Amino acid sequence: MLHSLYLPGEPHPADAAPLRDLPLLVLVGLTGVGKSSLLRALEYPTLPDRREVVDRYVLPLFGAKPPLDRAERFALTRRFREEYPGGVAEALVNAYTRPTWPLLFDGLRGKAEVHYALERLPKSYFIVLEARDLTRLSRLLHRGDSFDRIRVDSTGLKAMRELAQGVLSQDELEQALSWGIPPEDLIAKLKIVAEERKNYDPEGARQVLQNSPRALFLDTEALTIEQEVEVIRSFVEQIA
């Protein structure tokens, strides 16, 4: 069930409360870690997701509006973080919603956003979803989301190997090449994974939250969706 979120500058009803004063479950993870599948399985009340927050709050600051190429969105959200180091977390801290529990937000990324939320959303809890870049690439290739559009300048093997540097090992790249995916599709999704890694350190959230009792880490490669739901429901029961 989608729950209303009133972002900074938007009018809010009298029965809405500052999000910073409310308990919140925050999903943390990069594209392809399995957040959308988990949200559907959990069936918790959910705030508008990161994509909508960027569309409604971040893009208008720069005179832009969706739809945008993923690379263009990365560039604008990077500019936003230069001015607002807490990134999307800053919008949440100053937003309002009607109180309910449990309540989910999908999601935050990177060290700076998570650190900002940890300090300024004191009643929040974090569910960190993790997966290897190769797994995220595979999931991106098969999820069929029109949002995953990105401009590709070259589809040659040389360009693919250049993009893979620092993202996939040589063995992982060879494995990806063996999937039989059309080169233009493979390199487009690999570019998304590479751009996202450039913008958000995949290890950043773990560095911030590793010793926090408010954090739960899930390996989405090792667990089924059903197992993830069971672990999270148990975590929520302990909070309540």
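L157, M160, R161 and A164 of helix α7 touch Q170, L173, E174 and L177 of helix α8, where contact means heavy atoms within 4.5 Å. Sorted by class, that contact has 5 nonpolar, 1 polar and 2 charged residues. This is a predicted model, with local features needing pLDDT of at least 70 and side-chain atom pairs counting only at pLDDT 80 or more, while totals for chains, interfaces and linings use all residues. Residues are numbered from 1 along each chain as its sequence is written, and side-chain values use heavy atoms, leaving out hydrogens and water.

Now for the geometry of that pair. Helix α7 spans residues 157–164 and α8 spans 170–177; they pack at about 135°, with axes 11 Å apart. That makes α7 oblique to α8, since angles under 35 degrees count as roughly parallel, over 145 as roughly antiparallel, 65 to 115 as roughly perpendicular and the rest as oblique.

Next up is α9, residues 183–199, whose 17 residues reach 24 Å from first C-alpha to last, close to the 24 Å expected at 1.5 Å a residue. Helix α9 is mostly covered, with 12 of its 17 residues buried (under 20% relative accessible area, with a 1.4 Å probe and protein chains only). Among the buried ones are L186, I187, K189 and E196. The buried residues of α9 pack against α7 and α8, as well as α3 (70–83) and α6 (133–143).

Finally, hop over to P102, in the loop between β3 (96–97) and β4 (104–108). P102 counts as buried because its relative accessibility is 15%. Leaving aside residues up to four places away in sequence, P102 touches L25, Y44, P45 and V236. The C-alpha atoms of P102 and P23 are separated by 7.7 Å, though the two are 79 residues apart along the chain.

Definitions and conventions
Axes fitted to C-alpha atoms, helices over the stretch in contact; angles between N-to-C directions. Helix = DSSP H or I, 4+ residues; strand = E, 2+ residues; numbered from the N terminus. Nonpolar A, V, L, I, M, F, W, Y, C, P; charged D, E, K, R; others polar. Expected span 1.5 Å × (residues − 1). Buried < 20%, exposed > 50% of the residue type's maximum accessible area, 1.4 Å probe, protein only.
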